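Here are some exercises to work through with the model open beside you. Try each task first, then read the solution.

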Amino acid sequence: MNVTRDLFDEVMVPNYNPAAVIPVKGLGSRLWDQAGTEFIDFAGGIAVNVLGHCHPELVKTLQEQSEKVWHLSNVLTNEPVLRLAKKLTQATFAEKVYFANSGAEANEAALKLARRYAVDKFGAEKNQIIAFNQGFHGRTFFTVTVGGQAAYSDGFGPKPSAIDHIDYNDLSALETLISDKTCAVMMEPIQGEGGVVSPETEFVKGVRALCDKHNALLIFDEVQSGMGRTGDLYAYLGLDVTPDILTTAKSLGGGFPIAAMLTTSEIAKHLKVGTHGSTYGGNPLGCAVAEKVLDIVNTPEVLDGVKHKEALFRTGLEKINTQYQCFSEIRGKGLLLGAVLNEQYAGRSRDFLVAAAAENLMCLVAGANVVRFAPSLVISDEDIIEGLSRFERAVAKTVAS
Ligand SMILES: Cc1ncc(COP(=O)(O)O)c(C=O)c1O
């Protein structure tokens, strides 16, 4: 069969518009397309390939588990899921774990749990969910409605209700809106899709205090920021603010689809037998891989490495900016970084991405004004330097066009 980009338009639902190149092989932070052209990967499968492509330890783990047992459902438990849950609880505030297959599903579980907890403990009136403009929490109808981007949530008929949005980093807006009817506040500890926006310390601490005051649960969506991406295993550890519920996906499986919702025993007990579930959640293949990812990422070597690599990226991007004057700031944390376009180049992030691809570099955007970088946490310094020199060529061409 002749597999080309045209085949996509022929047979795929047109909700995506992928690039023309079709990668067929990856190793570390390099990718090769059908023609054998090599790319450096600063995108990491949208902040997923946390240990690069085909990490030998992950390949070995997946192969070994594939010869043991692939799938059992939740009618039976399995060894990898229990080992992974134990390690996640040892490494975080959480005491209980629920497994899912994608970020949206982990968030769906978190939101349903928050609603159920509030209904059980305080009554049906306590159902308001507060979230943030430009937030992103997935594409199920509940999560996309909680995400603060109308472009994604409108046009599908009546939405789940009692969901309100305010601006990120606006503590006084939260103070005005929150009440004893609020059941949860959901936020990303760094807004990823919304433009790589960090919370101010006072804001995030204030959110925690307001949730405590009104018996509202604080849900941290760490789908993008979690599993080492910021240089801490989870971003909340670097903020010194502990959520009641945390969701994790993307990097958790290093490319194998798996997600989890973490919480305390006190909250978890409200999802009684039969209240929620998933056929594949806690699948042994995914859990075996995620256990290995956690073992590798949750080490000083990898987490300190993220800080060092962040510095390399920042220095390189600042240097490019000194010459081409196209960014107003480099923001984000660890290896979730955003180069924010200044007024002169506003709205043109996609042009930079397309120019980078033409220089054999994969990167991401986060909205129309931010070029985003979310590479492997173990990308080599050489690949960072080579990738940045490709990016510099892309910037030179974009600003000249
Ligand atoms: C913060 C955040 N939450 C949730 C999601 C949704 O995850 P998934 O696409 O795995 O459903 C994303 C995906 O980009 C995300 O960045």
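Contact here means heavy atoms within 4.5 Å. Keep in mind that this is a predicted model.

**Exercise 1. Find which residues Arg5 is in contact with, leaving aside neighbours within four places in sequence. Then decide whether Arg5 is buried or exposed.**

Step 1: Start with the location. Arg5 is found in helix α1, which covers residues 5-11.

Step 2: List the contacts. Leaving aside neighbours within four places in sequence, Arg5 is in contact with Asn17, Pro18, Ala19, Ala20 and Ile22.

Step 3: Look at the polar partners. The Arg5 side chain makes a polar contact with the side chain of Asp9 at 3.0 Å, and it reaches the backbone oxygen of Pro18 at 2.8 Å.

Step 4: Check the cut-off. Buried means under 20% relative accessible area. Arg5 has 15% relative accessibility, so it counts as buried.

**Exercise 2. Work out the strand order of the open sheet of seven strands, and say which strands are at the edges.**

Step 1: Read across the sheet. The order is β4-β10-β9-β8-β7-β5-β6, and the pairing is mixed.

Step 2: Pick out the edges. These are β4 (96-100) and β6 (163-166), each of which pairs on one side only.

Step 3: Place the helix. α5 (residues 103-122) packs on the sheet and touches β4, β5, β6, β7, β8, β9 and β10. The direction of α5 makes about 30 degrees with that of β10.

**Exercise 3. Which residues have the most contacts inside the largest nonpolar core?**

Step 1: Here's the background: in soluble globular proteins, nonpolar side chains tend to be buried together.

Step 2: Go to the largest core. It has 76 residues, and those with the most contacts inside it are Leu88, Val297 and Phe391.

Step 3: Zoom in on Val297. Not counting residues up to four places away in sequence, Val297 touches Val50, Leu51, Met227, Gly228, Leu233, Val302, Leu303 and Leu377.

Step 4: Find the other core. Apart from the largest one lies a core of 26 residues, including Leu113, Ala131, Val146 and Ile219.

**Exercise 4. Which of the 13 residues around the ligand come nearest?**

Step 1: Name them. They are Gly103, Ala104, Asp221, Gln224 and Lys250.

Step 2: Start with the backbone. A backbone N or O atom of Gly103 lies 2.8 Å from an oxygen atom of the ligand.

Step 3: Move to the side chains. A polar side-chain atom of Gln224 lies 2.7 Å from a ligand oxygen atom, while for Lys250 the distance from a polar side-chain atom to an oxygen atom of the ligand is 3.2 Å.

Technical notes. Residues numbered from 1 in each chain as written. Predicted model: local features only at pLDDT ≥ 70, side-chain atom pairs only at ≥ 80, totals over all residues. Heavy atoms only, no water. Pairing = 2+ DSSP bridges. Helix = DSSP H or I, 4+ residues; strand = E, 2+ residues; numbered from the N terminus. Axes fitted to C-alpha atoms, helices over the stretch in contact; angles between N-to-C directions. Core = buried A, V, L, I, M, F, W, Y, C linked by side-chain atoms within 4.5 Å. Buried < 20%, exposed > 50% of the residue type's maximum accessible area, 1.4 Å probe, protein only. Near = heavy atom within 4 Å. Polar contact = N/O pair within 3.5 Å; in protein donor to acceptor, adjacent residues only side chain to side chain.
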